[in-house]
Amino acid sequence: MNKQRAKEIATSPVMINVTYQGVPVYIQHVDEQNETARIYPLDEPEKEQHVSLNNLEEH
């Protein structure tokens with residue numbers, strides 16, 4: 001996923017279907033410098049992680 005689209009999704013009031021390794025996730029923040037995102041699985045908000053934007057898929 002490109003960083004501009006990831007930022008749009010992160011700030012959107014509408015829930016957009018995004019997955020990381022097949023797991024539905026919520027994008028909390030996008031780090032443009034490092035091209036990473038802080039995410040968590042929708043069903044496990046306590047499991048925050050930083051991942052490469054390249055590993056996120058929009059459906």
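Where is E35 found? E35 is found in the loop between β2 and β3.

## Basis of the model

This is a predicted model, in which local features need pLDDT of at least 70 and side-chain atom pairs count only at pLDDT 80 or more, while totals for chains, interfaces and linings use all residues. Residues are numbered from 1 along each chain as its sequence is written, and side-chain values use heavy atoms, with hydrogens and water left out.

## Sheet and helix

The strands β4-β3-β2-β1-β5, in that order, make up an open sheet of five strands with antiparallel pairing. Because β4 (49-52) and β5 stand at the edges with a single partner strand each, one side of each has no neighbour in the sheet. On average, neighbouring strands of this sheet are turned by 50° against each other, direction ignored. Helices (H or I, at least four residues) and strands (E, at least two) are DSSP runs, numbered from the N terminus. Two strands pair if DSSP finds at least two bridges between them.

Strand β1 (residues 18-20) runs antiparallel to β5 and is joined to it by three bridges. V18 has E58 in β5 as its bridge partner. Helix α1 packs on the sheet, where it touches β1, β2 and β5, and its direction makes about 105° with that of β2. Axes are lines fitted to C-alpha atoms, for helices over the stretch in contact, and angles run from 0 to 180 degrees between N-to-C directions. Contact means heavy atoms within 4.5 Å.

Side chains of opposite charge can pair when their charged atoms come close. A salt bridge is a side-chain nitrogen of Lys or Arg within 4 Å of a carboxyl oxygen of Asp or Glu. By this rule the count comes to five salt bridges. One of them joins the side chains of E35 and K3, at 3.6 Å from N to O. This pair links distant parts of the chain, with E35 in the loop between β2 and β3 and K3 in helix α1 (residues 3-11), 32 residues apart. E35 counts as partly exposed at 39% relative accessibility, and K3 counts as partly exposed at 33%. The class follows from the cut-offs: buried means under 20% relative accessible area, exposed over 50%, and partly exposed in between (1.4 Å probe, protein chains only).

A salt bridge also connects the side chains of E58 and R5, at 2.7 Å from N to O. Here E58 lies in strand β5 (residues 56-58) and R5 in helix α1, so that distant parts of the chain, 53 residues apart, are linked. E58 is partly exposed with a relative accessible area of 35%, and R5 counts as partly exposed at 25% relative accessibility. R5 and E58 also belong, together with E8, to a network of salt bridges.

K7 forms a salt bridge with E32, and their closest N and O atoms are 2.9 Å apart. Since K7 lies in helix α1 and E32 in the loop between β2 and β3, the pair ties together parts that are 25 residues apart in sequence. K7 is partly exposed, with a relative accessible area of 30%, and E32 counts as partly exposed at 36% relative accessibility.

## Tyrosines and the nonpolar patch

Y40 is found in strand β3 (residues 36-41) and counts as buried, at 17% relative accessibility. Leaving aside residues up to four places away in sequence, Y40 touches P24, V25, Y26, Q28, P45, K47 and E48. The C-alpha atoms of Y40 and H59 are separated by 17 Å, the two residues being 19 residues apart along the chain.

Y26 is found in strand β2 (residues 23-31) and counts as partly exposed, at 32% relative accessibility. With M15 and L42, Y26 forms a nonpolar patch on the surface, and the three have about 280 Å² of accessible area together. Patches are made of residues with over 30% relative accessible area and no salt bridge, where like charges are joined within 9 Å and nonpolar side chains (Val, Leu, Ile, Met, Phe, Trp, Tyr) within 5 Å. Accessible areas come from the Shrake-Rupley method with a 1.4 Å probe, and for residues only the protein chains shown count as cover.

## Positive phi in two loops

Q21 is not a glycine, yet has a positive phi of about 55°. Q21 is found in the loop between β1 and β2 and counts as exposed, at 66% relative accessibility. E35, likewise a residue other than glycine, has a positive phi near 55°.
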